[in-house]
Each structure stands twice: as structure tokens, then as C-alpha cells.
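Subject: Handing over the model

Hi,

Here is the structure I promised to pass on. Have a look at it first, and then read on for what turned up.

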Amino acid sequence: MTYVIAGSCIKDDSCIEVCPVDCIHPKPGAPDFEEAEQLYIDPAVCIDCDACVEACPVDAIFPDFDVPAKFDYALDLNALFFAERSTAERTAA
Amino acid sequence: MAEPRPRVAIVGAGPAGAFAAAGLLRAAGDVEVDLLERLPTPWGLLRGGVAPDHQEIKRLEDTFDRQTLARGCRFLGHVDVGVDITHLDVMRHYTAVIYATGAQTDKALGIPGEDLPRSWAATEFVAWYNGHPDYRALDFDLSARRAVVIGNGNVAADVTRVLMLSPTELERTDVADHALEALRESRIEEVVVLGRRGPAQAAFTSAELRDLGRMDGVELRVDRSEVELDPISTEWLAEEGTFTARCNVDLLREFAARPPNPGARRRIRLGFLRSPVAIRGSDRVEAVEIQRNEIARRDDGTLRARAAVDEDTETIECGLVLRSVGYRAVPLPDVPFDERYFVLPNEAGRVLDADGEMLPGVYTVGWIKRGPTGILGTNKRDAEETVTALVDDLRSGALPPPKRPGREALDALLAERKPDHVTVEGWRAIDAHERASAEHRPRVKLTSRDELLARAHSDG
């Protein structure tokens, strides 16, 4: 499984600070950080530790089996964000 | 005798001020922080801006409370710095001040008819439905069938949703009672949302755009012709477009492909590459006249929307216009102001005087520091920068103690100038009352200063 960030994310970076595997992006200072409308969790890296859920001040993070219906798109969106990133990295390399 | 603890005043208890207070308590530890606020209630746009159907975001107030007021930071509400006490009063009583007053006015369209009755700044509508005490008396006439929202940002999306939500949905939120009553009687069936630029450059977040397309009983109509990208936008999207911009274009194409829904209760129409050139009407808004735009590249490579030649203007009949094309900070008495960028001139949060010299002890954070950009969390990083500067200055000895140190001196001044100011206990009384009044709602807001002050100063 993985955790997923919904559209109510306010880009408070508390989740990034507590993530033990650095799977939440973009990070402050990254070129796409300021333009990002929210943060995303990389489903291929997330270890389901729950730390980000505790840290989020607006409860915007859910386990994939418990995403509210109004955020049902979030899982695909988080995955798409990283799919595009890795394409960009492959193209750049 | 031990050195007195440094005292810092933060003017404006909105998100930027709250993040600064929290950061200061974390970084400096042994410092007294007072949050001075013009309204009797804290948290600024979290209470008065964030849309009532986005309650999850308002949970941030618990974090603000826990990291500021619950850690000894004082709340001094209903105190207008610049009016009740001056900048010089603040400097006499505090080691340092951080201005966090935000961007309080909206940009005008600068077109004929803008001042007609029923043409408003979207922010006035927002303040009204969110129960801001200074806006509760505004009289929004919602008797027309069609409203036009000008702008493509977050506020434009918010006001559109609020106009389209059903009374049943609104009843579950903390929308102000006077607004709930008026929206219940609303006859508005269609909101037309117009963007100056194209679908690829729309300022909506994809979350907001998606929300517009998922409202119960509301048809979102986007004509196929609206989502055909011009060659410049196609190239821009592929090479420089953000993840959000690509998501938005995909969403808009999906919306455009939807079959019509004649059974819908209400309808939202999105139009792009359109600017209003005039608002028409004899004694109130009757129509908006619209011009077509096209996307062009500036010499520096950035994109802009310019009026398309050889295109006739079109007219959209409507009885309400809400404009949302940006905000502006207002100058503060006795504090330098950059009239070009509408911010306090500053370097990493240290306010500068007319000669570009550091003004000792004066700092800034949030929209009045950087301009009206970013989202809630942006203020956290912004506050960290300002707090770092302030703490460095404290430690280097650059900030001498104030002439009248100690909170007793400030409290004596407030007792004289603003005896009915609201403390944290007063705010807690307001908060408890509003939450207790709500059965199936998050809270029922008190919306007049008199009510708020009466509750703050009551004993139970």
C-alpha cells in the first residue's frame, strides 16, 4: 500500500520533515516547489509508516484504502506526478 | 538583575503572523510574543477567507493555537495598530515588531461601469459570506439569473462554488447566517467564469478546477472551442508548462467532452481568453461587454494575453459581477511602503527605510512582505526567513531594549486607549460559544463587533 496526499494540502512541509524515506515531493528548494499546488507521495517509495499523517495540520493524507470519495482521484494524481518526473529525468539524462 | 526578556509584537494574527509567532517561540525560546489584531478574532483569512465548504483546511487553526496561544503567546484583538496605538507606541513598548497585515484591498478592473450597483470585488463577497464584521451589512442582490465572475484564480473558484452550492450543502458549513439566508433565496442559475488568458494558463489549481466539475446538481459547461490550444500555448505547455497546467488542460478537455445535462439545477460556464471592456447598465449591472484575447510571447519569452484584432465584442447579460483579478497591500501609518510593488521594502524580512538602510527592530512577513502569492504553507517558509533574521539580530545585540519594557507598560497603554480589547480568554469565550451554538455545523459565527465583544467580555 501507500499513503496519498489529497487536494486540501496547504504545502505546509511538516510531512517532509518527518518522512524517513524522503518520498514526499517536491521539497522546499526544488525547482518545481514554488509552482506546485500541493505535495505528492511517491507510491513506489512510501513505506506506510504513518508519520506524515500525524504531522499534517489539515489531515490531507490518507492510506490508499481509506481515501474519502471526494478525493478519489488523488491516488492516480500522486502516481502521475512521479511518472512525469521520472520521464523528465530519463529525458534529461 | 537579569536582562528583561525581549518582547516582540506581531501586527496581524493571520496565517503569516501565526507562523511567525510559532517560529519565534520555537527558535528564540525565551521571548515574549504578542499577536496584535484589528479584529476581535484571530487567524485572519483562515476564518475570513477560506471557503466554508473547505472546512478541512480550517483545521490549521488547531495547530496555530497549539503552537502560539497555548505556548504563552498573547492575543490582543480589537486593537488597530496605526489607529488605536501608533507604530511609535509599538516601538516604545517592544524590542521588535513584525508586520503581517496582508493585502487588504483588491485590484480594480479599470473599466467603465465597474462602480455600478451589483458590481463587487469578489473579496467583499468572500468577507460577507464568511462573517467578517466589517462586511456583514453589505447587501448582495442575488435575484438575477446569471452572475459573471471575472478572474481565474482561487478566489474566483471559491465564490463560484458558494454561489452554486445548494442550501442543504451550505447549511452544513460555517457560512455566516446572513449569507445563508440570502443564498437560500438566490435565483442565480448560471455563473459565467471568464479568464483573461487561455486554458493552459488558467490560475486555478487542478483541485479547484476538478471541484467545479464535481458539484451536485451543477453542470459544468466548457465549449470544445474553448479548450483548443493555440500553437504558442501548445508549445509552452509541452516545454514550460507546470504539472498543474497539464492537469488543468486534461480536466478541461474532459469537461468539454461531457454530454449536456439539461436536468441540472444550476450551471457553471467557463470562458477563456476573454476580458471585460465595460459593465453596462443604467442604475445597476445589466450586462458585461467582453473582448476576445489571444496569447502572444513577449520579447523575454514570457506569455501574455492581448486583445485580438478583428474580433467583435460580445455581451453577456447578467445581474451580478464579481471581480477577482488580484490584491494589494495598503500602506501602514509611519512605516515605509513600496508604492511600486505594494509591499514593505525589506531584505529577508528586515524592513528598509527610504535610503535602503535597515530600520532597526522592524520586520515583515506574509503578503505585505512578498506580495499576494503562494498558499497557506508558503507563509511557513516565509516566516522562517523573517524569524531567522530577527533572532540573529537579537543574538548579535542589534536590538536594544525598548524605552518602556515589560508587558505591564503596554497593558497600561491598552487599558487607556482600548479598554475593550480582546485577550486570549475573550477569544476562547467567543470560540466556545460559536462551537456550542452549532448542531450540525462546525460553528455558528458571531458576525458583528458588538456581539463578538459582548461574548469576549462576558463571564460565562
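Let me begin with a helix pair in chain B: the axes of helix 6 (residues 122-129) and helix 7 (residues 154-164) of chain B come within 10 Å and cross at roughly 50°. Axes here are lines fitted to C-alpha atoms, for helices over the stretch in contact, and angles run from 0 to 180 degrees between N-to-C directions. Helices (H or I, at least four residues) and strands (E, at least two) are DSSP runs, numbered from the N terminus. The angle makes helix 6 of chain B oblique to helix 7 of chain B; under 35 degrees counts as roughly parallel, over 145 as roughly antiparallel, 65 to 115 as roughly perpendicular and the rest as oblique. The crossing of the two is left-handed, that is, the near helix is turned anticlockwise from the far one by less than a right angle, with clockwise giving right-handed.

Before going further, a word on the source: this is a predicted model, in which local features need pLDDT of at least 70 and side-chain atom pairs count only at pLDDT 80 or more, while totals for chains, interfaces and linings use all residues. Residues are numbered from 1 along each chain as its sequence is written, and chains are lettered from A and ligands numbered from 1 in the order in which they are written.

Back to that pair. In the crossing of helix 6 and helix 7 of chain B, the contact is made by B:A122, B:T123, B:F125, B:V126 and B:Y129 of helix 6 and by B:V155, B:A156, B:D158, B:V159 and B:V162 of helix 7. Two residues are in contact if their C-beta atoms, placed from the backbone, lie within 7 Å. By class, these residues are eight nonpolar, one polar and one charged, where Ala, Val, Leu, Ile, Met, Phe, Trp, Tyr, Cys and Pro count as nonpolar, Asp, Glu, Lys and Arg as charged, and the others, Gly among them, as polar.

Helix 7 of chain B is mostly covered, with ten of its eleven residues buried. A residue is buried if 20 or more other C-beta atoms lie within 10 Å of its own, exposed if 12 or fewer, and partly exposed in between, with C-beta atoms placed from the backbone. Among the buried ones are B:A157 and B:R161.

B:F204 is found in the loop between strand 8 (190-194) and helix 10 of chain B, and counts as buried because it has 27 C-beta neighbours inside 10 Å. Leaving aside neighbours within four places in sequence, B:F204 is in contact with B:N152, B:G153, B:A157, B:L209 and B:N248.

Now for the sheets. One open sheet of six strands in chain B has the order 6-15-7-8-10-9, with parallel pairing; two strands pair if DSSP finds at least two bridges between them. Strand 6 (119-121) and strand 9 (218-221) of chain B are its edge strands, each pairing on one side only. In this sheet the twist averages 20° from one strand to the next. Four bridges join strand 7 (residues 146-150) to strand 15 (residues 320-323) of chain B, and B:V149 has B:L322 as its bridge partner. Helix 6 of chain B lies across strand 6, strand 7 and strand 15, running at about 75° to strand 6.

Another open sheet in chain B has seven strands in the order 3-2-1-4-19-18-17, with mixed pairing. Strand 3 (74-77) and strand 17 (346-347) of chain B each have a single partner strand, so one side of each is left without a neighbour in the sheet. Strand 1 (residues 7-11) and strand 2 (residues 32-37) of chain B run parallel and are joined by five bridges, with B:V8 opposite B:V33. Helix 1 (residues 15-28) of chain B lies across strand 1, strand 2 and strand 4 (96-99), at about 175° to strand 2.Helix 1 of chain B also packs against helix 14 of chain B at an angle of about 45°, with their axes 8 Å apart, in a right-handed crossing. Helix 14 of chain B holds B:R381, which is partly exposed, with 18 other C-beta atoms within 10 Å.

Finally, 19 residues of chain B are in contact with 18 residues of chain A. Helix 14 (378-396) of chain B is one of the elements giving two or more residues to that side of chain B.

Happy exploring!
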